[in-house]
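Visitor: Hi! I have a model open and would like to talk it through with you. Could you put it up on screen first?

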Amino acid sequence: MLKLDRITKRYGTLTALDGVSLEIAPGEFFGLLGPNGAGKSTLMSLVAGLRAPEAGRITLDGRRVTAADPATRISLGLVPQAIALYEDLSAEQNLQIFGELYGLRGPDLRARIDEALEAVQLADRRRDQVKTFSGGMQRRLNLVAALLHRPRLLLCDEPTVGVDPQSRNAIFDFLEARVRAGLTVIYSTHYMEEATRLCSRIAIIDHGRIHALGTLDELLARLPFRDEISFPATPATAELAARLAAHGQIIRDGGTHRFRPATAFRTSAFYALAESLALPPRLFVTERPTLEALFLHLTGRTLRE
Ligand SMILES: Nc1ncnc2c1ncn2[C@@H]1O[C@H](COP(=O)(O)OP(=O)(O)O)[C@@H](O)[C@H]1O
Ligand SMILES: [Mg+2]
């Protein structure tokens, strides 16, 4: 559906995107995971045709995306990182303006506005000025404003920043339902929990480059360790901790040992070793590695830096 081919975007001497290539198929919930300044918003603005890259080509449904051609823009919706609403106008009036910008009119537009307000639980606030809304309510309105013209592709740029947990869950549920109904979403975030929960594929982006791309399982398989196993650091487990050092990384974390097995070391071998030392399985807690660990592994930085 969407193809980016070796895209480079510069702002003066700063290279915001550095040879980015990716392809997105219809129906994907695609995540762009990276810290502030990674290039996520720049990528969105190029796909939306708001800016032009210095090099490379973007095609949407086989048609080249250019700032001058409105045809590709009509098949996508953009939820920008900064809320873009008229705050002195009501929820309803905002949707009316967005709808009219896309050429919608009359009873069809009214029906779509009703449906949109219902979908994000704002029907009872439809006549209130947007400036009286919480951050989460504004986000929800901004989201449906981008969907009134029923685009096939939705670009969501960090739509949960400054949002209360209740609105965040409402946004997640809403997007998941839309993707089940066939919408394609590109979702940028610096929260690994969001990418983990929502996205069918994730690109890890930093300093304008894609460092890894795949499903969550594919990405985590790139780590040189598997599930982390932790157990209490006691005299009884000292021998186990000492022997594990040969099979991976063992870290003392307060009263706990954390063991990151080398990829060749099987979990079954771990339990066999524990059993041979008469240590019961209930001592051990297994934890899956996270995207945060992968980001650190790939870039040497944390997502919050
Ligand atoms: N309009 C702009 N002019 C100059 N530099 C910009 C502009 N927009 C973004 N940048 C820079 O480009 C890099 C990528 O920014 P951005 O795409 O906003 O990243 P993200 O959305 O991942 O935080 C950053 O270093 C940022 O400071
Ligand atoms: Mg951004």
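Visitor: Thanks! How many residues sit between β4 and β5 in their hairpin, and which residue in the turn has a positive phi?
Guide: Two residues lie between β4 and β5, and Asp61 in that turn has a positive phi of about 50°. Before we go on, this is a predicted model, where local features need pLDDT of at least 70, side-chain atom pairs count only at pLDDT 80 or more, and totals for chains, interfaces and linings use all residues. Residues are numbered from 1 along each chain as its sequence is written, chains are lettered from A and ligands numbered from 1 in the order in which they are written, and side-chain values use heavy atoms, with hydrogens and water left out.

Visitor: Good to know. How many bridges hold β4 and β5 together?
Guide: Two bridges, in the antiparallel sense, with β5 covering residues 63-64. Arg63 in β5 is the bridge partner of Leu60. Strands here are DSSP runs (E, at least two residues), helices are H or I runs of at least four, and both are numbered from the N terminus. Two strands pair if DSSP finds at least two bridges between them.

Visitor: And which residue in β4 is opposite Leu2?
Guide: Leu60 again: Leu2 stands opposite it. The strands involved are β1 (residues 2-11) and β4 (residues 55-60), which run antiparallel and are joined by five bridges.

Visitor: Switching to the ligand: which residues are around ligand 1?
Guide: The shell consists of Tyr11, Leu14, Ala16, Pro35, Asn36, Gly37, Ala38, Gly39, Lys40, Ser41, Thr42 and Arg51. A residue counts as near if one of its heavy atoms lies within 4 Å. By class, there are five nonpolar, five polar and two charged residues. In that scheme, Ala, Val, Leu, Ile, Met, Phe, Trp, Tyr, Cys and Pro are nonpolar, Asp, Glu, Lys and Arg are charged, and the others, Gly among them, are polar.

Visitor: How much of ligand 1 does the protein cover?
Guide: The cover is 62% of the 560 Å² of accessible area that ligand 1 has on its own, by the Shrake-Rupley method with a 1.4 Å probe.

Visitor: Which element gives the largest share of the shell?
Guide: That is α1, with three residues. The elements that give two or more residues are β2 (14-24) and α1 (40-47).

Visitor: Let's zoom out. What is the strand order in the six-stranded sheet?
Guide: The order is β6-β7-β8-β3-β9-β10, in an open sheet with mixed pairing. At the edges are β6 (76-79) and β10 (209-214), each pairing on one side only. Inside the sheet, β3 (residues 29-33) and β8 (residues 184-189) run parallel, joined by five bridges. One such pair is Leu33 with Thr189 in β8.

Visitor: And the four-stranded one, what is its order?
Guide: β12-β13-β11-β14, an open sheet with antiparallel pairing. β12 (248-253) and β14 (285-287) are its edge strands.

Visitor: Last one: where are the domain bounds?
Guide: Domain 1 spans 2-220 and domain 2 spans 228-288, with bounds from an automatic or database domain assignment. Their centres, taken over C-alpha atoms, are 44 Å apart.
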